[in-house]
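This report looks at how the parts of one predicted chain are arranged and joined. The sequence and the model are shown first.

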Amino acid sequence: MRLDKFLSNMGIGTRTEVKQLLKKKHVKIDDKIETSPKKQVDPKSETVKVNEQPIHYIDYVYLMLNKPKGYISATEDNKQKTVLDLIDDYQYLDIFPVGRLDKDTEGLLLITNDGQFNHQLMSPVKHVAKTYEVISEKNITKNDINAFKVGIELNEGLTKPAKLVQGDEVNKSFVTIYEGRYHQVKRMFHAINNEVTALKRTSIGDLQLDSTLEPGEYRHLTQQDFELLGLK
Ligand code: URA
């Protein structure tokens, strides 16, 4: 990879800024000053330093965000705040949200730049479970639980069987779905003559939202998190 591309991909600066750093002899490869932006570098076997600080190579990034309300699940928008506005680092790695949560939905949202990872979790054929905490206008009934177990008729057809469980408070329940249709949970509740008033995603597969993350905070996924997602 070209040295200027590597440095700008690692967030050191724009290509122009990187050229300036090179010109001013601030960059070393294996402790030798390098000034050419075109110089080929293998960041896995060579150590690149800027102002004596080693620049570690990252190709993929995997983050768990506790999405707050009021942010859209997109990479950019002219008018609205996007979930990427909450991420301070890694923008240069072309990160994006894994699937979507509605603007007014909170909770677990994964952010990555790995298309394969996104596919593993979001492809409709993989049936990865997603669980939501729901606050609804009315309390759920035994009939509702049974109706979800069978599948709910939406205008485009029957949903896959879903799990509905009463929560520990009135009007609170947990729903697990195995697909990701547009506004799915809200529309399923609407179909049983109820309305969602607040929605929070609490897990994807066996990976739960880290309870130490305040809304708007994020952290890197760990090896254990990958295992909980059924990925290695
Ligand atoms: N279902 C919804 O209705 N909204 C979401 O954000 C996620 C699932």
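## Basis of the description

The model is predicted, and local features are therefore described where pLDDT is at least 70, side-chain atom pairs count only at pLDDT 80 or more, and totals for chains, interfaces and linings use all residues. Residues are numbered from 1 along each chain as its sequence is written, and side-chain values use heavy atoms, with hydrogens and water left out.

## Domains

The chain is divided into domain 1 (3-54), domain 2 (62-124 + 207-229) and domain 3 (130-204), with bounds that come from an automatic or database domain assignment. Between domain 2 and domain 3, the C-alpha centres lie 22 Å apart. Their contact, meaning heavy atoms within 4.5 Å, takes 16 residues from domain 2 and 10 residues from domain 3.

Two salt bridges are counted between domain 2 and domain 3, a salt bridge being a side-chain nitrogen of Lys or Arg within 4 Å of a carboxyl oxygen of Asp or Glu. D102 forms a salt bridge with K186, in which the closest N and O atoms are 2.7 Å apart.

On the side of domain 2 that touches domain 3, β7 (105-112), α3 (115-122) and β14 (207-208) each supply at least two residues, where helices (H or I, at least four residues) and strands (E, at least two) are DSSP runs numbered from the N terminus. The largest share of that side, six residues, comes from β7. By class, the residues of this side of domain 2 divide into 10 nonpolar, three polar and three charged, with Ala, Val, Leu, Ile, Met, Phe, Trp, Tyr, Cys and Pro counted as nonpolar, Asp, Glu, Lys and Arg as charged, and the others, Gly among them, as polar.

## Strands that pair with β13

Two strands are taken to pair if DSSP finds at least two bridges between them. β7 pairs with strand β13 (residues 196-204) in the parallel sense over three bridges, and the bridge partner of G107 in β13 is R201. Strand β8 (residues 130-136) runs antiparallel to β13 and is joined to β13 by seven bridges, with S203 as the bridge partner of T131.

β13 and β14 are also antiparallel, joined by two bridges, and I204 has L207 in β14 as its bridge partner. In the hairpin of β13 and β14, two residues stand between the strands, and G205 takes a positive phi near 55 degrees.

## Other strand pairs

Strand β1 (residues 27-29) pairs with β2 over two bridges in the antiparallel sense, where K32 is the bridge partner of I29.

Strand β11 (residues 163-166) and strand β12 (residues 172-177) run antiparallel and are joined by four bridges, with V165 standing opposite F174. The hairpin that β11 and β12 form has five residues between them, and N171 in the turn has a positive phi of about 70 degrees.
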